[in-house]
Amino acid sequence: MRATEATIKNFLGGLDKIFLIPPFQRNYVWNKKNCQELWNDFKKCANDNTSHYLGNIIYYLSDNSGASCTELILVDGQQRLTTILLLLVAIRDTTLDNKIKNDIDNKYLKNISYDQKYRIKLKSVINDNDDFQKIVDGNIASLKKSLLFDNYRFFVEQLSDSNNNHKEIFEAIARSQIVDVNLQTNNNLELVQTVFEK
């Protein structure tokens, strides 16, 4: 196992990264209360120009990782990462700053050089993946009621308030701190699943 301090910008950002949520993970369950707390943390950090600590993100590299692509299998941190990505989509969809729009799309949400399978960086569990991809693609008209969509809309509402500066919120997210924990398990899914069931 290797643990290092990192920012969300360094962990999520950059090209050719795929984040896979394995089948033993639960569906997305964060609700409005969770999102309100996260939003308040980012707002405070934006106002104070400080950094928020988001906790551990635990993963291991899949066998498919190589020179052209890095696949990270998420073991812990799925709910936080998914919610942060929803907030980034909301910023992209409400800001008038084209540089922020492009940065979010090309560094955090999509791998533009990949085929459809790996175009969206986060691959969620089966029950959530279709809705998450539609939100990232701006295809929200066909969405049914879900926590993913509800939370995306919550963030859009917060960002529509004229007191909120999109750039400051975006920068507060980017500098948030995590502990990046690479389990280095050689893709032993059964071992990882057993550890987190105990």
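## Salt bridges at a glance

Let's start with charged pairs: the structure holds 10 salt bridges. Keep in mind as you look around that this is a predicted model.

One of these pairs is arginine 92 with aspartate 105, whose closest N and O atoms are 2.8 Å apart. The pair ties together distant parts of the chain, since arginine 92 belongs to helix 3 and aspartate 105 to helix 4, 13 residues apart. Aspartate 105 also meets the side chain of lysine 110 in a salt bridge (3.5 Å, N to O).

## Buried or partly exposed?

Arginine 92 is buried, with a relative accessible area of 7%. Aspartate 105 counts as buried too, at 18%, and so does lysine 110, at 15%.

Elsewhere, arginine 153 and aspartate 150 form a salt bridge (3.3 Å, N to O). These two residues sit three apart in helix 7 (residues 147–160), so about one helical turn separates them. Arginine 153 is partly exposed, at 40% relative accessibility.

Now for the strands: six of them form an open, mixed sheet in the order 1-6-3-4-2-5. Strand 3 (residues 53–61) runs parallel to strand 6 (residues 177–182), and five bridges connect them. Here isoleucine 58 stands opposite valine 181 in strand 6.

Helix 3 (residues 78–94) lies across strands 3, 4 and 5, at about 110 degrees to strand 3.

Note on methods:
Residues are numbered from 1 along each chain as its sequence is written. This is a predicted model: local features need pLDDT of at least 70, side-chain atom pairs count only at pLDDT 80 or more; totals for chains, interfaces and linings use all residues. Side-chain values use heavy atoms; hydrogens and water are left out. Two strands pair if DSSP finds at least two bridges between them. Helices (H or I, at least four residues) and strands (E, at least two) are DSSP runs, numbered from the N terminus. Contact means heavy atoms within 4.5 Å. Axes are lines fitted to C-alpha atoms, for helices over the stretch in contact, and angles run from 0 to 180 degrees between N-to-C directions. A salt bridge is a side-chain nitrogen of Lys or Arg within 4 Å of a carboxyl oxygen of Asp or Glu. Buried means under 20% relative accessible area, exposed over 50%, partly exposed in between (1.4 Å probe, protein chains only).
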